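Here is a short report on one protein model.

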Amino acid sequence: MDANDTIPFSSPWLRFNHFGDKLNAAFQRVASSNSYILGNEVEQFENNFSQYIGTKYCVGVNSATDGLALSLMALGIKPGDEVITAGLTAPATVTAILQAGATPVVVDVLDTTLCINPAEIRKAITKNTKAIIPVHLHGFACEMDEIMAIAAEYNLFVIEDCSQAHGASFNKKKLGSIGDCGVFSFYPTKNLGCMGDGGAITTNNVSIATQLKALRNYGLQDNNVAEAGINSRLDEVQAAILNMLLPALDDYNECRRKYANLYHNALKELPLKIPPLELQAVYHQFPVRIENRDKFRDRLKKEGVLTGIHYDKAICWHEAFKPYCRPLPVAMKAAEELVSLPIQSEILDVHFEIITDKIKTCLTPYNPV
Ligand SMILES: *Cc1c(COP(=O)(O)O)cnc(C)c1O
């Protein structure tokens, strides 16, 4: 813990450190392999992860941002094509659409899960619409039945942004196995995270997988570049770390669910809006909502508890994205009220009681925020 006993919001090192000798062995294995780019570790991880998600193929890439852009490229999406996505997400989702040269169309979210609202997708469809990128925000699944039905009706591709939903399901199907592509980030603080940048794309379509393998590696295929790609490879060191962590992912997600349950019990009497209890969610975040959000966070910080916000800006509040946004009243209201409480098991195993006590202290009737 920090010297001043502040409880961190998240700490990847607390996780990596558990692996001790295994972590050192992973580094050593890569170092002595003399093969640092697209070697055994990446191949093994691609096999392991596609098996875990339940897809035929997995392609390791440098980040989820690249993974989303490369998926759009592999699906043949071109300048002028419109891609519909959610008004509350990491800026990366929208950046990726622009990176691929397409036009983002950003629509509002549901007040319950804060995931994309299928009714708003319908309203935004034009003759130029080619794809939908639903974002499984905070580890909760989007309404995939409705989204896949809309996609079938209008002949649209679906690329799931699973950056916050490793291991989560919808109707017993793992997220990332439902759309044409699933895109994952392994940014260090994600449910499955490495020690740098990393990402992967899952798909059941062999021609998409083949194109993605070329596009991530300059566009090279059989010593020929038919379509120019980029350099976006998952590297061997990150893949080795991911191979070490993947077998523990289900246990970590179960711990997040356990603490989500405990938070529910501990906080239910307080003037906070708590996220739904959902067995198939993986609680990448535990986002509560409160009107005086900034004051509440400041008080908690003074009490030694750090929190996060995901996100404090609706997509329309970013200068570059404003022109592409439909009205986003639900996303904007949420962006003013959201606070993410710590949810990482290594932190809560030690500090859960203190955190919930401090939250209660901050929210007593005599101490209104
Ligand atoms: C983290 C995140 C991304 C970006 O992932 P990178 O690997 O950093 O590119 C994209 N979308 C969502 C929803 C995310 O949470």
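In which strand does Asp-161 lie? Asp-161 belongs to strand 5, residues 157-161. Keep in mind that this model is predicted.

Asp-161 is buried, yet it has no salt bridge. The nearest side chain of opposite charge is that of Lys-190, 7.0 Å away. Polar contacts are present, however. The Asp-161 side chain makes one with the side chain of Thr-93, at 2.9 Å. Another, of 2.7 Å, links the side chains of Asp-161 and Ser-163. Beyond its neighbours within four places in sequence, Asp-161 is in contact with several residues, including Leu-68, Ile-133, Val-135, His-136 and Val-183.

**The fold as a whole**

The protein contains 13 helices and 13 strands. Its radius of gyration is 21 Å, close to the 21 Å that the globule rule gives for 369 residues, so the protein is as compact as a globular protein of that length. The C-alpha trace spans about 70 × 55 × 35 Å along the principal axes. Of the 369 residues, 56% are buried. Among contacts with a separation of 6 or more, 70% come from residues 24 or more positions apart. The accessible surface is about 15800 Å², and carbon and sulfur atoms hold 50% of it.

**Salt bridges**

The whole structure has 14 salt bridges.

| Glu-120 | Lys-123 | 3.0 Å |

Glu-120 and Lys-123 sit three residues apart in helix 6 (residues 118-124), so about one helical turn separates them. Lys-123 is exposed, with a relative accessible area of 59%. In the second pair, Arg-293 is buried at 7% relative accessibility, while Asp-294 is partly exposed at 48%.

An α-helix has 3.6 residues a turn, so residues three or four places apart point the same way. Glu-337 is buried, with a relative accessible area of 10%. Lys-333 is partly exposed at 41%. Salt bridges with shared partners join Asp-111, Lys-273, Arg-289, Lys-333 and Glu-337 into one network.

**Around helix 12**

Which residues of helix 12 (residues 329-337) are buried? They are Ala-331, Ala-334, Ala-335 and Glu-337. Their cover includes strand 12 (286-289), helix 11 (293-302) and strand 13 (338-341).

Key. Residues numbered from 1 in each chain as written. Predicted model: local features only at pLDDT ≥ 70, side-chain atom pairs only at ≥ 80, totals over all residues. Heavy atoms only, no water. Helix = DSSP H or I, 4+ residues; strand = E, 2+ residues; numbered from the N terminus. Buried < 20%, exposed > 50% of the residue type's maximum accessible area, 1.4 Å probe, protein only. Lys, Arg positive; Asp, Glu negative; His and termini not counted. Salt bridge = Lys/Arg side-chain N within 4 Å of Asp/Glu carboxyl O. Polar contact = N/O pair within 3.5 Å; in protein donor to acceptor, adjacent residues only side chain to side chain. Contact = heavy atoms within 4.5 Å. Rg over C-alpha atoms; globule rule 2.2 N^0.38 Å. Areas by Shrake-Rupley, 256 points an atom, 1.4 Å probe, with all protein chains shown as cover.
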